[in-house]
Amino acid sequence: MPRPVSASVSLTALAHNLAEARRRAPGTRIWAVVKAHAYGHGLPAAIRGFTGADGLALLEFDNARRLRALGWRGPILMLEGPFGPDDVAMAGEIGLSLVIHDTTQIEWLRGHEGKAIDIWLKLNTGMNRLGIDPEITAATQRELALLPAVGTVSLMTHLADADRPGGAAAQLERFDRATLDLPGSRSVANSAALIDLPQAHRHWARPGIMLYGSSPFADRSAASLGLRAAMTLRSELIGTQTLKEGDTVGYGSTFTAPGPMRIGIVACGYADGYPRHAPTGTPVDVAGVRTRTLGRVSMDMLAIDLEPAPDAGVGSAVELWGEHVPVDEVAASAGTLGYELLCAVAPRVPMHVVD
Ligand SMILES: *Cc1c(COP(=O)(O)O)cnc(C)c1O
């Protein structure tokens, strides 16, 4: 018997969420963001779930090659651009579009002799992570357009606070001022902006997290946004204990039974990607009943309260997150984001594609 922990990825949910993104941004083309192995869901599932996307965006060159090997023929955008001259050569060879966010990268394009590469010139409009100074946008775009290695030169930026009302206004204004009257397609919106900020939709949007059925907003659930959880992380009870008042649970003895109670031990721990910082009370589903974790999460196991599920025993199904327990609720309890939990599912957890 394999250890009972596993993850499943629903193609129907991925396709539904992509359709939801399209519905919210009619006329806008969609780069489905599949970096970090499609936010932990795996590239094979992403390719099948996102067949309707206009392009796929990621930043790992080996994974871009894998997308081509898996049969993706459409556009691929490399979100951090080339990390060196070899990446430019690969972009020409397998047809990748490249973000250029620093003038150093332009030098690597100069020597390129293969097929012309489409460029997305990235402006730093206030996040101060990647991007050129907006002041030099026109000159840099002209410089790029003159290179024989370069095809089209589109314009993009990334928003730091699109998940807060009004949080994107200053960046949008800087972007528009710097790009006024310049040629080329535009791309600005991540998931939060796609949902909340129609003025940021432009020619191409770049949703990531919403496509996986997790909310980009701290105060709005994925379900309330019409999104469906793509990943379900599940396991089983492999043991039970009956506690007396005063008994403690797990490392550090951080949970003390207030009275007699029955608990279950789940085959899932932080080495599977479950957050170690999830405290007592983090939601979990056992045998279709919602309950809570108890005590510290260990490497391979965690403990849950069986009081609401008296019929649960060894072999009972446990959902750590997915359709019934939103990953965003688990993340909030652990002081992190759905993004981090989805990306962190460990390689030892078998992943199945369903539908
Ligand atoms: C990750 C990423 C996105 C997607 O962001 P979400 O918040 O997951 O929608 C969009 N654009 C860039 C440049 C990114 O790195």
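Here, a residue counts as buried under 20% relative accessible area, as exposed over 50%, and as partly exposed in between. With that scale in hand, Arg 3 is partly exposed, because its relative accessible area is 33%. Please keep in mind that this is a predicted model.

**Salt bridges**

Side chains of opposite charge can pair when their charged atoms come close. The structure holds 16 salt bridges, and three of these pairs are set out below.

| Pair | Closest N and O atoms |
|---|---|
| Arg 3 and Asp 272 | 2.8 Å |
| Arg 177 and Glu 173 | 3.2 Å |
| Arg 202 and Asp 176 | 2.8 Å |

Helix H8 (residues 169-179) contains both Arg 177 and Glu 173, which are 4 residues apart, about one turn of the helix. Arg 177 is exposed, with a relative accessible area of 56%. Asp 176 is in helix H8 as well, and its partner Arg 202 lies 26 residues away in the loop between helix H9 (191-196) and strand E9 (204-205). Both partners are partly exposed: Arg 202 has a relative accessible area of 26%, and Asp 176 has 32%.

**Strand E3 and its neighbours**

Now to the strands. In strand E3 (residues 55-58), Gly 55 and Ala 57 point one way and Leu 56 and Leu 58 the other way, yet all are buried. E3 pairs in the parallel sense with strand E2 (residues 29-33) over 3 bridges, and Leu 56 has Ala 32 standing opposite. E3 also runs parallel to strand E4 (residues 76-78), joined by 3 bridges, with Leu 77 as the bridge partner of Ala 57. Between E3 and E4 the chain passes through helix H4 (residues 61-69), and this β-α-β crossover is right-handed.

**A loop serine**

Is Ser 298 buried or exposed? Its relative accessibility is 17%, so Ser 298 counts as buried. Ser 298 is found in the loop between strand E15 (289-294) and strand E16 (302-305). Leaving aside residues up to four places away in sequence, Ser 298 touches Tyr 251, Gly 269 and Tyr 270.

Terms used. Residues numbered from 1 in each chain as written. Predicted model: local features only at pLDDT ≥ 70, side-chain atom pairs only at ≥ 80, totals over all residues. Heavy atoms only, no water. Buried < 20%, exposed > 50% of the residue type's maximum accessible area, 1.4 Å probe, protein only. Helix = DSSP H or I, 4+ residues; strand = E, 2+ residues; numbered from the N terminus. Pairing = 2+ DSSP bridges. Right-handed = clockwise from strand over helix to strand, strands pointing away. Contact = heavy atoms within 4.5 Å. Salt bridge = Lys/Arg side-chain N within 4 Å of Asp/Glu carboxyl O.
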